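Here is a short briefing on one protein model. Take a look at the structure, then read the points below.

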Amino acid sequence: MNKLQFKQDRPLDFIALGRLCIDLNANETQRPMEETKTFTKYVGGSPANIAIGVSRLGLNTGFIGKVSDDQMGRFITSYLTENNIDTDHVAIDRTGAVTGLAFTEIKSPTDCSILMYRDNVADLKLDVHNVSEGYIKQSKALLISGTALAQSPSREAVFLALEYARKHEVVVFFDIDYRPYTWASEEETSTYYNLAAEKCDVIIGTREEFDMMEKLLNLEASSDEVTANRWFSYNAKIVIIKHGGEGSIAYTKDGNSYRGGIFKTKVLKTFGAGDSYASAFIYGVMTGMSVKEAMRFGSASASIVISRHSCSDAMPTVAEIKEFMSSAEEILQETY
């Protein structure tokens with residue numbers, strides 16, 4: 001079957017696995033971080049943001065992860081609970097690991113950067129004992145995120161979760177989420193991303209992230225179509241390749257492709273777009289939208305989030321997205 005088949009008899013719609021951290025977003029914008037004096041604290045991390053996004057949209061959501069045994073860890077868990085996310089499988093690290101921090105710099109709507117503190121972080125201490133087969137088989141879908149593959153024991157936990165998902169016909173979404181500072185080398189990154197992607201039903205990433213995955217393949221020439229067809233030879237049914245401000249393209253295993261545009265908005269920052277896009281796209285395909293409709297829904301959600309200060313706090317509701325789509329101008333690029 002080319003189409004995604006979600007098991008409707010499951011009590012959970014969606015489980016995300018991986019990074020739970022803190023975003024500290026600059027309050028003083030239009031200036032470099034050296035001149036920034038205050039930051040606002042939010043829950044962050046790509047899988048956390050996506051889980052918050054799909055929960056806000058109404059999906060019954062859970063999380064598999066690990067947090068530090070301190071105030072930051074408790075802040076994260078409390079926030080997930082407040083957003084109706086099941087945290088029964090968010091473990092507490094007892095080794096003294098800390099919460100990862102991401103300081104953001106907002107120089108302009110197009111010039112933003114992130115300074116990461118990722119030494120001895122609790123989320124990468126997730127291990128196979130924290131991954132429950134019984135929990136995963138209760139869900140229709142599982143999201144894995146690339147950063148969780150960067151180190152052991154988190155890496156092994158991801159692969160065990162993938163095995164349980166395949167065994168119990170849980171649809172797997174893979175958000176590539178490449179963060180170079182977490183990895184030892186590009187070769188290591190490419191190796192483990194490819195091994196994980198082989199087991200996934202939907203793969204979402206930027207063109208640059210897919211290029212990273214293809215580094216070891218010695219391809220004479222690649223393109224979006226070549227990339228998609230490679231993954232269709234494994235388990236993938238949908239491959240989405242994002243091209244930043246020029247939109248995205250989705251390929252489906254039945255041979256179709258769909259271009260997605262962007263909605264005009266007043267941009268505050270660039271980060272958060274990918275997570276909000278993914279959450280709304282996932283919601284769309286899980287609730288019966290066509291791939292094209294889900295892409296539009298994702299693009300609208302992304303435009304809303306990049307106009308707001310946070311990522312997690314900014315995740316919109318279904319009503320907000322529909323209202324935005326009814327009035328915002330949509331721009332569709334014919335070529336990239």
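The points below cover the sheet, a helix pair and the aromatic rings.

This is a predicted model: local features need pLDDT of at least 70, side-chain atom pairs count only at pLDDT 80 or more, and totals for chains, interfaces and linings use all residues. Residues are numbered from 1 along each chain as its sequence is written, and side-chain values use heavy atoms, with hydrogens and water left out.

- Nine strands form an open sheet with mixed pairing, in the order 5-4-1-8-9-10-11-12-13.
- Strand 5 (85–92) and strand 13 (257–260) are at the edges; each has a single partner strand, so one side of each has no neighbour in the sheet.
- On average, neighbouring strands of this sheet are turned by 15 degrees against each other, direction ignored.
- Strands are DSSP runs of E with at least two residues, helices are runs of H or I with at least four, and both are numbered from the N terminus.
- Two strands pair if DSSP finds at least two bridges between them.
- Strand 8 (residues 139–145) pairs with strand 9 (residues 171–175) in the parallel sense, over five bridges.
- Leu143 has Phe173 in strand 9 as its bridge partner.

**Helix 8 and helix 9**

- Two packed helices are described by the angle between their axes and the distance between the axes.
- Helix 8 (residues 273–286) packs against helix 9 (residues 291–305) at about 145 degrees, with axes 7 Å apart.
- Axes are lines fitted to C-alpha atoms, for helices over the stretch in contact, and angles run from 0 to 180 degrees between N-to-C directions.
- Contact means heavy atoms within 4.5 Å.
- Residues of helix 8 that meet helix 9 include Ala273, Tyr277 and Phe281.
- On the helix 9 side, Val291, Met295 and Phe297 are among the residues met.

**Aromatic rings**

- The whole structure holds nine aromatic pairs.
- Rings of Phe, Tyr and Trp (its six-membered ring) pair if their centres lie within 6.5 Å; planes under 30 degrees apart count as stacked, over 60 as edge-to-face and the rest as tilted.
- Trp183 and Tyr193 have ring centres 5.3 Å apart and planes at 75 degrees, so this pair is edge-to-face.
- Trp183 lies in the loop between strand 9 and helix 5 (186–197) and Tyr193 in helix 5, so the pair ties together parts ten residues apart in sequence.
- Both Trp183 and Tyr193 are buried (under 20% relative accessible area, with a 1.4 Å probe and protein chains only; exposed is over 50%, partly exposed in between).
- Tyr283 and Phe297 have ring centres 5.8 Å apart and planes at 25 degrees, so this pair is stacked.
- Tyr283 and Phe297 are buried.
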